[in-house]
Structures are given as structure tokens and as C-alpha cells.
Amino acid sequence: MLTLFDYLPSQNAYKVRLLLSHLGLPYRTQLVSIFEGEGHAPEYLAINPAGAVPAIRLDDGRVLAESNAILTFLAHGTRYLPADAFAAAKVQQWMSFEQDYVMNIAGLRHWTMTGKLARRPAALVEMRRAGGLRALQILERELSGRPFIAGDDYTIADIALFAYTHRADEAGLPLREFAHIGAWIERVRAQPGFLNEHHPYAIDPHSSGELP
């Protein structure tokens with residue numbers, strides 16, 4: 001059985017849990033206490049050199065880290081990743097966008113929810129906010145013309161983008177102002193096997209832990 005190395009408040013880990021729920025795949029969970037230092041233990045660094053979650057271990061002992069790499073692996077041969085090379089590349093295009101642009105939302109949300117925002121330089125906070133707003137503006141424009149981000153079908157690109165985008169209000173961003181994103185969020189929530197869960201951070205606001 002597949003093992004998922006998880007930290008429940010992590011939206012990166014939620015991406016993997018969501019796909020596993022869609023696929024109906026059984027798995028076991030091994031929680032990694034990122035903010036208590038478990039991510040930097042030598043045995044975990046052998047699984048994910050970055051010390052973050054998520055990561056998975058297969059039955060044969062092979063391990064894989066980074067949420068979008070895991071999504072791509074698990075979705076291979078399923079409806080969530082097109083078989084056509086060009087369509088699959090479009091999915092990867094939007095997963096790259098998630099890492100380049102939507103992670104501004106993730107970072108700002110993390111600082112806000114863990115009490116670190118006031119300790120960050122104002123210019124850096126404003127840069128993150130501007131980057132997060134730009135990500136929302138791009139998604140709003142793109143989703144005005146199609147039901148899902150890579151076309152007519154729900155794919156792992158939507159899963160990757162949904163994780164932090166639907167929590168943008170927790171980063172202090174005006175999510176309610178983006179009607180097409182709101183409609184897309186509801187379409188994602190309507191997918192079979194959707195995993196409706198949220199685990200808030202419960203850490204010391206003075207912790208030095210980084211975004212998992």
C-alpha cells in the first residue's frame with residue numbers, strides 16, 4: 001500500500017489527498033511534524049531532501065517528493081491526466097503557473113495564519129500580495145472562457161491550482177471579487193470523490209518553521 005508523508009494543514013499535501021480521494025486509492029498516512037523539526041531528521045531527508053511534505057513511498061520502496069510530481073505520477077493513465085501529448089503539456093503548463101504565481105498566495109497565507117506577517121519586510125509582503133493578485137487576475141480571465149483551467153475536463157492542473165487558490169481569502173486577498181474563480185471552485189467541489197476538509201495551523205507563531 002502507498003504511504004503518504006503528510007502534514008494535515010499543508011495545502012500541498014492536500015493536493016495529493018484530494019487526488020487519492022478522486023481515484024479511490026487506499027493509502028496509509030505517516031504524519032511529519034514539520035514545525036517540530038521532523039522534516040529535517042536524516043531518515044526523512046532521505047525521502048524528501050527538502051524536508052517538506054508531501055512525499056510518497058511505493059510498495060517497492062521507491063520514494064517521490066514534491067506535490068505536483070506526485071500528482072503527475074498518480075494521475076498517469078487516469079482521466080485526470082490526458083493521454084494526448086499536447087493536452088498533457090497544457091496541464092503541465094498550468095501546474096508550472098501554480099508554482100510560479102499561485103505560491104505567492106501560499107506564502108502570504110502562511111505568514112498571515114502563523115503570525116509572521118508583521119515580522120516580514122513591508123516591501124516583501126507587498127510583492128507577495130501583488131503576485132497573488134496577479135495570479136487571481138490571470139485565473140479569472142482564463143476561467144471566463146472554459147470550465148476548467150486546461151480545457152473542458154477536470155485535471156490535476158485544477159487540483160494543483162485549487163489547493164491554495166480557494167484559500168486566498170486567508171491570505172487577505174479579495175477572493176469574492178473573482179466571480180469566474182468562484183464558479184470554478186464550485187465545479188471542483190462538485191467532482192466525484194471531492195475531499196472537503198480543512199486543517200488550520202496550530203503552531204507557535206514564533207516558530208521558525210517554513211511553508212510545508
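1. Some ground rules. Residues are numbered from 1 along each chain as its sequence is written. Because the model is predicted, local features need pLDDT of at least 70 and side-chain atom pairs count only at pLDDT 80 or more, while totals for chains, interfaces and linings use all residues; side-chain values use heavy atoms, with hydrogens and water left out.

2. Side chains of opposite charge can pair when their charged atoms come close.

3. Have a look at Arg 109 and Glu 170: their closest N and O atoms sit 2.7 Å apart in a salt bridge. Arg 109 is in helix H4 (residues 85-113) and Glu 170 is in the loop between H6 and H7, so this pair ties together parts 61 residues apart in sequence. Helices here are DSSP runs of H or I, at least four residues, numbered from the N terminus. Both partners are buried (under 20% relative accessible area, with exposed meaning over 50% and partly exposed in between; 1.4 Å probe, protein chains only).

4. What else does Glu 170 touch, leaving out residues up to four places away in sequence? Besides Arg 109, the list has Thr 112, Met 113 and His 198 (contact means heavy atoms within 4.5 Å).

5. Now for the exposed side: Arg 62 pairs with Asp 60 in a salt bridge at 2.8 Å, and Arg 62 is exposed at 53% relative accessible area. Arg 141 bridges to Glu 142 at 3.5 Å, N to O, and Arg 141 is exposed too, at 54%.

Definitions and conventions: Salt bridge = Lys/Arg side-chain N within 4 Å of Asp/Glu carboxyl O. Helix = DSSP H or I, 4+ residues; strand = E, 2+ residues; numbered from the N terminus.
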